Amino acid sequence: MKTSVFAAVSAIAVTGAMTAVAEPQAEVLHWWTSGGEAKSVAVLQQEFADNGGTWTDMPVAGGGGDAAMTALRARVLSGNAPTAVQLKGPAIQEWYEEGVLADISSVAEAEGWADVLPASIAGHMMCEGTWCAAPVNVHRVDWIWANADVLEANGIAMPTTWDEFNAAADKLAAAGVTPLAHGGQAWQDATVFEAVALGILGADGFRKAFVELDMDTLKSDEMVAVFDQMRKMRGYVDDNFSGRDWNLATAMVMNGEAAFQIMGDWAKGEFLAAGKAPGEDFLCASVPGDGFLYNVDSFAMFNVDGDDKKAGQDLLAKLIVGQNFQKVFNLNKGSIPARVDVALDDFDSCARLSAKDMNESSDNGSLLPSYAHGMALRGAQSGAITDVVTAHFNSDMSSADAVNMLVDAVANSM
Ligand code: GAL
């Protein structure tokens, strides 16, 4: 008798506890819609579902995330923020200052994030001492991708200087191959520009120009040389580049229509999703010059009502920094894990090169945040620079005029 009363009481207690536990829900805003990106985000969706979560997808197409950020502003302004948002760099702190981000410190502390994330990455995830975002990866931006057969057929090796790049591009153009696959969208122009700038300004010059906004560097002769090289790049793209999506530019390299693409390693996610092998079908190399431009994707949780949504945020944050997710997601995405304790044995040669270069550049002070991907500057400043880069790329503006415009635009944005 005693036993059955006890059983009945504990059954009620268990049932009570179960109904009190909210089922995790999350509406997730992101811009991962290309082949490689969609495959990657599906890993998170699956893990979330496996752990009892219900995922409402809010994909906003558009590489680089400009359209997604516009959609985010509209949602927050109407008082209906998504549960979780792909957000990165200083934009995290900008949204925090608006008072709309949830504190995920309890998850971060329970999961020991401080012990498994490099301090440089953790710093981007903190808002006034609290954890306000969860990192998924480290993308490198300063890469050149190439079609291996096209280079071989034209007797070209991966360029190690900009002069070599230009010589290779001239040779390819003469042979009827588009030297540079590019999509004329502002963020893609900025991506090429910062890769060129890193090569020509060097790591210290890049930091002064695009992290510290040092006026002397912005108006230097070296910056004129950066725009000179951008003018050359403009000559190496095909006639139909305007508005082309980045993954279609990657496809041009895959199918041999173009030889090179300068793009972050999400491009590798496209090659891999199409079944192409690094070192065989496509080649990767860092752009000429030293340094490493990092772009860390992360998710921030927005203030929402409802225990189910809060449970969804906690579950998502935990899964995102989890070891399994960091491995499987990054194998698909082209990036490397943000956690330091994920073995790279299953990763390809480009990923291992990325990890090696990241560690070396961290040691020698040339590990730098990508300005073009929103890691270095607040939106007003990075936007001002990109406007100039795009205006120059899409006109016959001289390099000297571009530099003057750059200096004015940056000064006005502060
Ligand atoms: C970057 C983002 C990458 C990739 C790329 C193209 O800004 O960090 O994860 O999605 O845009 O969409």
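Is the crossing of H10 and H18 left-handed or right-handed, and which residues of the two helices make the contact?

A: The model is predicted. In it, the crossing of H10 and H18 is right-handed. The axes of H10 and helix H18, the latter spanning residues 379-393, come within 10 Å and cross at roughly 115°. On the H10 side, the contact is made by Ala186, Asp189, Ala190, Phe193 and Phe210; on the H18 side, Ile385, Thr386, Val389, Thr390 and Phe393 take part. By class, seven of these residues are nonpolar, two are polar and one is charged.

H10, which covers residues 186-210, also packs against helix H12, residues 221-235. The axes of H10 and H12 come within 10 Å and cross at roughly 165°. Angles over 145 degrees count as roughly antiparallel, and H10 and H12 are therefore roughly antiparallel to each other. H10 passes H12 in a right-handed crossing. From H10, the residues that meet H12 are Asp189, Val192, Phe193, Val196, Ala197, Ile200, Leu201, Ala209 and Phe210. Their counterparts in H12 are Glu222, Met223, Ala225, Val226, Phe227, Gln229, Met230 and Met233. The contact of H10 with H12 comprises 14 nonpolar residues, one polar residue and two charged residues.

The crossing of H9 and H12 is left-handed. Trp162, Phe165 and Asn166 of H9 make the contact with Gln229, Lys232 and Met233 of H12. By class, this contact has three nonpolar, two polar and one charged residues.

An open sheet of four strands runs in the order E9-E10-E8-E11, with mixed pairing. Strand E9 (178-180) and strand E11 (282-286) are the edge strands, each pairing on one side only. From one strand to the next, the twist averages 15°. Within this sheet, E8 (residues 143-147) and E10 (residues 258-262) run antiparallel and are joined by three bridges. Trp145 stands opposite Gln261 in E10.

An open sheet of five strands has the order E2-E1-E3-E13-E6, again with mixed pairing. Its edge strands are E2 (54-59) and E6 (134-135). Strand E1 (residues 25-30) and strand E3 (residues 84-86) run parallel, joined by two bridges. Val28 stands opposite Ala84 in E3.

Aromatic rings are the last topic. With a cut-off of 6.5 Å between ring centres, the count comes to 18 aromatic pairs. One of them is formed by Trp95 and Phe302, in an edge-to-face arrangement with 5.7 Å centre to centre and 70° between the planes. This pair links distant parts of the chain, as Trp95 lies in helix H4 (residues 90-97) and Phe302 in the loop between strand E13 (298-301) and helix H15 (307-321), 207 residues apart.

How values were computed
Residues numbered from 1 in each chain as written. Predicted model: local features only at pLDDT ≥ 70, side-chain atom pairs only at ≥ 80, totals over all residues. Heavy atoms only, no water. Axes fitted to C-alpha atoms, helices over the stretch in contact; angles between N-to-C directions. Parallel < 35°, antiparallel > 145°, perpendicular 65-115°, else oblique. Left-handed = near helix turned anticlockwise from the far one by under 90°. Contact = heavy atoms within 4.5 Å. Nonpolar A, V, L, I, M, F, W, Y, C, P; charged D, E, K, R; others polar. Pairing = 2+ DSSP bridges. Phe/Tyr/Trp six-rings, centres within 6.5 Å; stacked < 30°, edge-to-face > 60°.
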